[in-house]
Structure formats: structure tokens, C-alpha cells
Amino acid sequence: MSTSRTIICLLRNDLRLHDNELFHWAQRNAEYIVPLYCFDPRHYVGTYNYNLPKTGPFRLHFLLEGVKDLRNTMLSKGSNLVVRRGKPEEVVADLIKQLGSVSTVAFHEEVTSEELNVEKRVKDVCARMKVKVHTCWGSTLYHRDDVPFHHISRLPDVYTQFRKAVETQSRVRPLFPAPEQLKPLPEGLEEGAIPTAEDLEQTGPVTDPRSAFPCSGGESQALARLKHYFWDTDAVATYKETRNGLIGMDYSTKFAPWLAMGCISPRYIYHQIQQYEKERTANQSTYWVIFELLWRDYFKFVAVKYGNRLFQIKGLQEKSVPWKKDMTLFNAWKEGRTGVPFVDANLRELAMTGFMSNRGRQNVASFLTKDLGLDWRMGAELFEYLLIDHDVCSNYGNWLYSAGIGNDPRENRKFNMIKQGLDYDGNGDYVRRWVPELQGIRGADVHAPWTLSTATLSHAGVSLGETYPTPIVMAPEWSRHVNKKPSGAGPSPRGKKGPSHTPKQHGDRGIDFYFSRSKNL
């Protein structure tokens, strides 16, 4: 087409213009820029071990919105997002051939095997076609080159050691500004249609009015969410107290889905926190947002250190555990039919909305691995399928952690489902929201319906084994808490519209989860 210098910016999990080094670099080195997003068919097949769909309807919908949003932003800046369906290495080869002017293909580096294989294939194509490759690192808060471990093999196996080291010895880099105008596309290059879910042989999601994440994908929505959570409502100033909530939008930041697709940069969140602390208030809550971003970094670096051990049954610790592969138990768990209401409520929320609270994730993972003894990869692959915010490193890292074969300094940490339900859903409002067949049971009794008299159940319209399952497993430690249920059916501490605070005695439970040696969670 032309002899001018053209750079292809291959986008994957970096669907943004702000703090995007690819565009910052390409703007200075090209006459024409081709921002490219490929719908890779390998993302729409089955998962590795249990052949669950790899990309579920909620995440796909969110991704399609993110791609549309980025195209609109680029159109407003004199460019466009080129969209293709196909494997990136094949699409890139076709474009190099078609354009005849491509000097470089640029992309952000990823860390896990499937993404690294794509990078290798793209590099091979470029080498064959005598085109340069330029890579950047942009997915973490702290740049890979700035963490104080001279080699990744020196990365600590305990989060706290990592956190203390980076907090004292590293600094967060400044942001790359979003370009005011982008260099144009080469003339005559077709933008390509953004596919529908049906085009990708997937189904679209059904929206549920109960969703705690009724948000759209895309950079502009991500930036609007941060503005709302920080500057419009000051919700960030109470994040540490509310983050264990279960109902509503504002008990937590809800940044994770946008972070997973790169619609918002962790550095942008960090610098906004710095500004908020300067202009409004600095407290444990504002720090805790950074604390959680550091967990995300940590799991990313753990994936670099351990490679495919992240996905193997023995985990990071190479520990042999006789995991069961009982599909009947797994299906009961997956469908929210375990007979344990707090577990069922969380899994039904996930299936119907693509979202589950952090508190819920810890509990259902503990239940699958410790109470049912099922292969942790069953849970990890279900989360990979259904979560809007699926991030491969965080998901598999957290499941290994829950299974006791990852980065956890403690042995045999097991959550008590009844105690957790009573601690975080004291009045049972969350359970009744997602398990409507138990709506007739008032107050905290809803957490252990099998302990109620036949008359009470009958009055509530519940028949165990018929309208709601009897528990598929019973843990002996539950009995310590079934008789300690809060009496009465007064308002939940979290209120109707969602939590305003975590009950005081449990305010630091998140810290307990990470640091305490107590097994009684």
C-alpha cells in the first residue's frame, strides 16, 4: 500500500488509551498506527481439564462492550480500532502482507503459557517477514524491572514478604499520558466488524436485576467507576470496613473486571489514590486498595516464577493430595444445590451474573477443596468460564491458595460455612436473595435449615430433600455455631441496599484471612 512506516499495536488485555506504553511508543516511531484486536478462536473452546466453556456469556458481553468503547475513543482521536476474527499470528501475517509498510509489531507481554505461545508465534511470523517486534510490560502496579528481586526465582513464596519488600524498596512509575490525537490508519484499511456473541457461537447473557455488578465494559466506564467510587461518593474512604459485603455495588471498588481486560491501569488507580489522600483523606481504607492491587501483582509474578505449575494438580508445592473427581458432587456445587445455603447463594449469584464477592469466593473454594475434597481445578475452571473479572494469574493463584498447595504459610486453613454465613450475612438477607426457596425462613435460621423442626420448615414452605436439598456433606465444626445464631429478624447490619459496614467484631477478618494462624475461620 505504501512505503511509509507503519506500526501494528496488537492489543490483548490492555484495552485502554490512558497509561498505555504501546501507543506512547508508537506515536513517536510511526507515521501510521494500526491498533489491532483479534477475537482468537482459541478463547472460545473448552477448558483444559474439564472442558467447560473457556469464555462465558457475561465476560464475552463485557469484552464486546470494551472493544466497542475503545473503537469509539479512537475514532474521536483520528484513528480506529481494527478488529479481526482469527489467530493473532495469522491476522498479523495477513496485515503485514496486505500493507507492505509494516516496520514493527508491538504488544504488551503476558506471563502464562497460552498467551506466551501466541507471542512466540507472532515473533516467528515477524522474523520470517523481516519485521521488528517491540514489547512492553504494563499489566502490574510495579514494573517487572523495578521489583527488588534480582531474579524472579528470588520472589518470596509468602505475600507479606513480597509486599514489605516492594513497599520499602520500589516505586510506582509515572503514567503514560493518553495521546490527544492518534496517528492515522494506513489508507484503505478496513476497520472490520465487531462480532456478536452469536458470530462467535456463544450465547448472550441474561441480565439479572439482583446483580452486584450491573456495569458495562470499556475504558470510559472504568474511569467513570473510579470517579464515582473515589471522588463522587468517598466510598473509598470506608473500603476496608465494607469490602466483605455481599449485596450492592459500593461495598467494594468493583475495579477487577476492568483491570482484567486492561480497561483501567493499576498505576492510574494508585496515582488517583495518592491524589485522593492528598486532597481528601488518607486512612487504612485508602491503603487497602493498594494492598489488594499488590496481591494482583504478586500472583502475576508468582506465575512468572512457577510457569505451568500454576495449572498442575500438585500446585506450587508439588504436593500430592488425593483429590476426588466426583462429577455428581461437582455439579451440585456448580449449580448451587449443595444444601448449604451460604455456598449455594454464592454459586447461584456467579451463574446468574458473572460476579461473586471476594468473601464468597474464599468460602466456595474452601467448601469445594476442604469439605468436598474435589480437584481444585474443577473450581478454577468454573471460575474461568463464568467470572467477568477472570484474570488467569489471580484466579489460579487464589485457587491454589485455597487448596493449600499455593502461597499460604499455613497448613489446613478451612472455612466454617455456618460461622462465615453468620458473620457476613447475619440476618440471612443475602441467602434469601439468591435462594428464594428459603425465603420463608426468617433471620439467621436460613443458614442451617436442617437444624429446624419439621413444623418450622413446613410453616416456611420448605421441605428438605424436595424443595431444597439436604446437605451433601456435613462438617463437624458447624455444630459449634448452629446454636449461636443471632436471634430475631431485625435489619441486617448491611442494610437493604447493601452493606454500610462490616460488623465491628469482624472488621479485620480480611487481615485474619491473610495473616492469622487461627484455623477457626
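On a 1 Å grid over the protein atoms alone, a cavity is a set of points where a 1.4 Å probe fits but cannot get out, a pocket is an open set with protein on both sides within 12 Å along at least five of seven lines, and lining residues have an atom within 4 Å of a point. The structure described here is a predicted model, in which local features need pLDDT of at least 70 and side-chain atom pairs count only at pLDDT 80 or more, while totals for chains, interfaces and linings use all residues. Residues are numbered from 1 along each chain as its sequence is written, and side-chain values use heavy atoms, with hydrogens and water left out. Helices (H or I, at least four residues) and strands (E, at least two) are DSSP runs, numbered from the N terminus.

**Cavities**

- The count comes to four cavities of 30 Å³ or more, where a volume is the space filled by probe spheres set on grid points that are joined across faces, edges and corners.
- The largest cavity has a volume of about 910 Å³, and of the 36 residues that line it, Ala256, Glu292, Asn358, Arg361 and Asn398 are the closest to its centre.
- Two or more residues of the lining of the largest cavity come from each of H8, H10, helix H13 (358-371), H15 and helix H20 (509-515).
- Sorted by class, the lining of the largest cavity has 19 nonpolar, 10 polar and seven charged residues; here Ala, Val, Leu, Ile, Met, Phe, Trp, Tyr, Cys and Pro count as nonpolar, Asp, Glu, Lys and Arg as charged, and the others, Gly among them, as polar.
- The second largest cavity has a volume of about 90 Å³ and is lined by 13 residues, with Asn13, Asp14, Arg16, Gly138 and Ser139 nearest its centre.
- In the lining of the second largest cavity, three residues are nonpolar, five are polar and five are charged.

**The largest pocket**

- About 1200 Å³ of space lies in the largest pocket, which is lined by 47 residues, and His43, Lys54, Glu114, Glu115 and Glu384 lie nearest its centre.
- Among the elements that each supply at least two residues of this lining are strand S1 (6-11), strand S2 (32-39), helix H8 (256-261) and helix H15 (392-403), while H4 gives the most, with six residues.
- The lining of the largest pocket divides by class into 19 nonpolar, 13 polar and 15 charged residues.

**Aromatic rings**

- The structure holds 32 aromatic pairs, a pair being rings of Phe, Tyr and Trp (its six-membered ring) with centres within 6.5 Å, counted as stacked if the planes are under 30 degrees apart, as edge-to-face if over 60 and as tilted for the rest.
- The rings of Phe162 and Phe301 have centres 6.1 Å apart and planes at 55°, so this pair is tilted.
- Because Phe162 lies in helix H5 (residues 159-169) and Phe301 in helix H10 (residues 284-306), the pair ties together parts that are 139 residues apart in sequence.
- Both Phe162 and Phe301 are buried, a term that means under 20% relative accessible area, with exposed over 50% and partly exposed in between (1.4 Å probe, protein chains only).
- Ring pairs link a cluster whose members include Trp137, Phe149, Tyr159, Phe162, Trp288 and Phe301.
- Lys240 lies over the face of Trp288, at 5.2 Å from the ring centre, and Lys254 lies over the face of Tyr251, at 3.6 Å from the ring centre; a charge sits over a ring if NZ of Lys or CZ of Arg is within 6 Å of the ring centre and within 35 degrees of the ring normal.

- Arg71, found in helix H2, counts as buried at 8% relative accessibility.
- Leaving aside neighbours within four places in sequence, Arg71 is in contact (heavy atoms within 4.5 Å) with residues including Asn80, Leu81, Glu191 and Ile194.
- Val111 is found in the loop between strand S4 (102-108) and H4, and at 10% relative accessibility this residue counts as buried.
- Not counting residues up to four places away in sequence, Val111 touches Leu116, Trp137, Lys300, Ala303, Val304 and Cys393.

**Positive phi angles**

- Asn51, in the loop between S2 and H2, has a positive phi of about 50° although it is not a glycine, and Asn51 is exposed, with a relative accessible area of 60%.
- Asp234 lies in the loop between helix H6 (219-232) and helix H7 (239-242), has a positive phi near 60° and counts as partly exposed at 30% relative accessibility.
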